[in-house]
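Morning, everyone. I have one chain to walk through, so let me put it on the screen.

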Amino acid sequence: NFLERDLPKVMPALGLGDEPVPLWWTTDFILASPVGTPSEDEKWIVGEFNCSCVGISKCLAAYCQDATPNACYTDISAEDLVEADRYGSIMGQKALGILSKGFTSSGPVDVSDITCVCAFWPFQ
């Protein structure tokens with residue numbers, strides 16, 4: 001239901017009705033219906049959208065953190081690299097298709113009303 005019924009309403013709800021949905025994005029959904037609600041009647045809330053720093057889960061082995069401070073690209077398995085490359089190729093093809101149609105943005109997005117930006121990176 002989300003892709004067919006709700007997704008076309010996302011950009012207008014954000015005040016960006018003339019813009020396409022971002023090429024690569026993720027969202028966290030929170031179930032808002034009581035337990036036992038039939039699936040076709042369930043209501044879901046979008047907890048957050050992420051379209052500025054979407055990760056490729058197949059590349060998590062290269063993520064530096066306290067336990068793996070020297071993690072790097074070569075730590076990704078050959079199998080996962082194939083999948084990560086496949087995802088990247090799909091996005092590249094989609095982006096090229098959008099650009100080759102002559103899509104132009106209506107301009108910069110006004111972010112002056114943003115009051116909070118959350119970051120989970122361990123800034124120091």
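Start at Cys59. With a relative accessible area of 25%, Cys59 is partly exposed, because that label covers everything between buried, under 20%, and exposed, over 50%, using a 1.4 Å probe and protein chains only. Cys64 is partly exposed too, at 38% relative accessibility. The cut-off for a disulfide is a pair of cysteine sulfur atoms within 2.5 Å. The structure holds zero disulfides.

A word on the model. It is predicted, with local features requiring pLDDT of at least 70 and side-chain atom pairs pLDDT 80 or more, while totals for chains, interfaces and linings use all residues. Numbering starts from 1 along each chain as its sequence is written, and side-chain values use heavy atoms, leaving out hydrogens and water.

Now the layout. The chain has two helices and two strands. From the N terminus, the order is α-β-β-α. These are DSSP runs, numbered from the N terminus: helices are H or I with at least four residues, strands are E with at least two. Of the 124 residues, 9% count as buried. Among contacts with a separation of 6 or more, 41% join residues 24 or more positions apart. Contact here means heavy atoms within 4.5 Å.

Next, the loop between E1 and E2. Ser33 sits there, and Ser33 is buried, at 12% relative accessible area. A polar atom of the Ser33 side chain lies 2.6 Å from the backbone nitrogen of Lys43. Beyond four places in sequence, Ser33 touches Asp41, Glu42 and Lys43.

Glu42 is in that loop as well. Glu42 is partly exposed, at 24%.

On to the surface. Leu14, Phe29, Leu31, Trp44, Val46 and Phe49 make a nonpolar patch with about 550 Å² of accessible area together. Strands E1 (26–31) and E2 (44–50) each give two or more residues. E2 gives the most, three. Patch residues have over 30% relative accessible area and no salt bridge; nonpolar side chains (Val, Leu, Ile, Met, Phe, Trp, Tyr) are joined within 5 Å, like charges within 9 Å. Areas are Shrake-Rupley with a 1.4 Å probe, and for residues only the protein chains shown count as cover.

Last, salt bridges. How many are there in the whole structure? Three. The criterion is a side-chain nitrogen of Lys or Arg within 4 Å of a carboxyl oxygen of Asp or Glu. Arg5 pairs with Asp6 at 3.1 Å, N to O. Lys58 pairs with Asp80, with closest N and O atoms 3.8 Å apart. Lys58 lies in the loop between E2 and helix H2 (78–100) and Asp80 in H2, so this pair ties together parts 22 residues apart in sequence. Arg86 and Glu83 meet at 2.9 Å. Both lie in helix H2, three residues apart, about one turn.

Technical notes: Polar contact = N/O pair within 3.5 Å; in protein donor to acceptor, adjacent residues only side chain to side chain.
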